[in-house]
Amino acid sequence: MFKVLVADPISELGLQKLYEHPDIQVDIQTGLPEAEIIAIIDQYDALLVRSQTKVTASIIQAGKKLRVIGRAGVGVDNIDVPAATKAGIIVMNAPDGNTISTAELTFAMIMASARKIPQAHQKLKNGTWDRKSFVGVELRNKVLGIIGFGRIGTEVAKRAQAFGMKVMAYDPFMTPEKAEEVGVQAASVNEIVEAADFITVHTPLTKDTKHMISTPQFAKMKRGVRIINCARGGIIDEAALFEAIQNGIVANAALDVYEQEPPTDSPLVGLEQVVVTPHLGASTEEAQINVAIDVAEELVNVLTEQPFKNAVNLPSLPQEVLKSVQPYLELGEKLGLLLAQRIRGRVQSIKCSYAGDLSKISVSPITRTLLKGILSYHYGEEVNYINAPLFAEEQKIQTSEIKSGKHKVFTNLIHVEVTTDEQVYSVAGTLFNGLGPKIVSLDGFTIDANPTGTMLITEHTDTPGIIGQVGTILGTSDINIGSMQVGRKEEGGLAVMVLGIDKPISVELLHLLRNIRGIHSVSEVNL
Ligand SMILES: NC(=O)C1=CN([C@@H]2O[C@H](COP(=O)(O)OP(=O)(O)OC[C@H]3O[C@@H](n4cnc5c(N)ncnc54)[C@H](O)[C@@H]3O)[C@@H](O)[C@H]2O)C=CC1
Ligand SMILES: O=C(O)CCC(=O)C(=O)O
C-alpha cells in the first residue's frame, strides 16, 4: 500500500484519481507547520502540495520513504528541488492546467489598470460618487508588450488582439514561425520598453529574469505606461517600480505576485496607483480541478512505475543504463549550462557528439542532461531530463546525437556544438580516471579547466597586455583568480581565456572588462 500525504487544499475531483486506486491510501492534513510534517512524513511514499506548504530540505530529509513530491501548479519554487534531487525524490508539477486562468487574470489586471476599476469601486463603496478621478484609457490601438511568450504569454496575446491591441513579444526561444502564427511582432526587451503602453511579464523567475524590468528599463518607457505581473515576484524590481510610479513614468501597476509573499512590508501595496491580488492566477474552480487531476495521475504513474512526463528533476532510467551513464550525467549538464551562459541569439541547433568509451553505451540520457542544461537556463526548472528533447522540438531547435568511435587523445569525450542565428559555440569535456570532469576545449581552442564554481571566459585578440589588464581589474576589485587557462590557435590570432574566480563579479565589472581594447566578449559562467 502506498501512502500519500495531501498537505494543501487540492480539488477533490483530482484526488478522486488517488482514492480510486486500490493500492493507494490518501491522508489529507492541510495547514500543518513544518515541524508537524517532519514528525509524520517518514510514513509517506508521496507528498502532494499546492503553493502554501514549503517543502523544505528538512522535510525532504525526514521523508525516508518519499519517492515523489507533486505540485498542483506550474512553479515549484515552494519545493527545495535540489534537496529532493539529492535525495532521489522525483518532483512533479502540472504545467498546463492553470494557463487559461492565469491568462484571464492577467487580462483582468490589464483592464483594471486601464480603467482604475478597483479604485473607483472602493471610493463608491466608501460613499463618494467621483467621476472625475477615474478617467481611464482604451485598449484599442494600444501596444501591449509581452515578455515571456510561453503558454500564458501566448494566451494573453490572443485576448489582447481581440481588444484591438497591437502585441509585441520577446522570448529567447520564440521562433519567427510562432510570432507569425499568433500574429505578434517579435521584439527585444528594449524595443518593448520603449514602445509599449502596457507591459506584462510571463517568464519564470531565473537569474536572467530577476529584475529584468528595473530602473534602466523604466527610464526608457513612455510616460503613462502600465505594468502587470502575474508571473513571479522579482521579475519586476519592486523598489524601481515604486520610484517609477512616484515620478510619473508608470501610471498604474497591477500585481498578483511579490518579491515577498505575503507582501507585508511592500510600500507598493499602499499606493493608490497599484492594484493588488494575493497570488490568484491559478485560483479558479477549473484550474484547480485541472492541475489536481494532472498531478494526481502523475503521482499514480510514479508510484505504480508507469511512464510519467512532468518530472522536473530526475530521469527514470533502467538500473543498468543508469549505472554506465551516471558518471557522465553531471558532466553533460555542466557542459550544457556553460554553453547556455555564453550563447547569444536564438538557438537553432544543438549537436551532441560522443567518442571513445561513450560510443559503446546508450548516451541518450547524457543528451537529455545536456539539453536540460542548455534549455533550463532559459526556461527555468520545468525543463527536465524527460521533457528536454520535446521542449527543443517544440521550439524548432534541431538536435542530433552522433557517436564517432575511438578518440585520438581521450578515452571518452563529449563534444557539444550550439548554433544560434548569430554564432556557433562549442565545448568539449571528458572524465579523467581519478581526476574527475574536465573541460578540454572551448570553441575549438584546447584548454584544461575544471567545470566548477564561477568562471570568467573571454574571447580576445592574442596581443600583449590583455591578460594583465584583466588581472588588474579583478585584483583591484578584490576578486581572486584561482585558476587560469589560455588557448590560441596561432600567434596574434583569436584566443580564449578561462579564469576560475573565487566570487561572482558585478555587472559594472563585466562592462569594464568588455571595454578592454582587444577583448571581443566576456561571459561569467556559474557551474
Ligand atoms: N500567478 C499565478 O498564480 C501563476 C503564475 N504562473 C507563473 O507564470 C509564469 C509563466 O508560466 P507559463 O507560461 O506556464 O510558463 P512557460 O514555460 O510556458 O513560459 C515561460 C516562457 O518564458 C520564457 N523565458 C525564459 N527566460 C526568459 C527571458 N530571460 N526573457 C524572456 N522570456 C524568457 C521561456 O522561453 C518560456 O517561453 C511562470 O513563472 C509561472 O510560475 C503560472 C501559473 C499561475
Ligand atoms: O497554486 C497556486 O495558486 C499558485 C499557482 C502558481 O503560481 C503556479 O502554478 O506557478
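Reader: Which domains does the domain assignment give the chain?
Author: Domain 1 (1-95 + 282-316), domain 2 (99-276), domain 3 (317-450) and domain 4 (453-527). The bounds come from an automatic or database domain assignment. This is a predicted model, where local features need pLDDT of at least 70, side-chain atom pairs count only at pLDDT 80 or more, and totals for chains, interfaces and linings use all residues. Residues are numbered from 1 along each chain as its sequence is written.

Reader: What is the mean pLDDT of the chain?
Author: 92, with 96% of residues at 70 or more. pLDDT is the predictor's confidence in each residue, from 0 to 100.

Reader: How far apart are the C-alpha centres of domain 1 and domain 2?
Author: 32 Å. Contact means C-beta atoms, placed from the backbone, within 7 Å.

Reader: Switching to helices. At what angle do H1 and H12 cross?
Author: Roughly 15°, and the axes of H1 (residues 12-19) and H12 (residues 285-303) come within 7 Å. Helices are DSSP runs (H or I, at least four residues), numbered from the N terminus. Axes are lines fitted to C-alpha atoms over the stretch in contact, with angles from 0 to 180 degrees between N-to-C directions.

Reader: Parallel or antiparallel?
Author: H1 and H12 are therefore roughly parallel, a label for angles under 35 degrees.

Reader: Which H1 residues meet H12?
Author: Leu-13, Gly-14, Leu-15, Lys-17 and Leu-18. Their partners in H12 include Ile-289, Ala-292 and Glu-297.

Notes: Chains are lettered from A and ligands numbered from 1 in the order in which they are written. Helices (H or I, at least four residues) and strands (E, at least two) are DSSP runs, numbered from the N terminus. Angles under 35 degrees count as roughly parallel, over 145 as roughly antiparallel, 65 to 115 as roughly perpendicular and the rest as oblique. Two residues are in contact if their C-beta atoms, placed from the backbone, lie within 7 Å.
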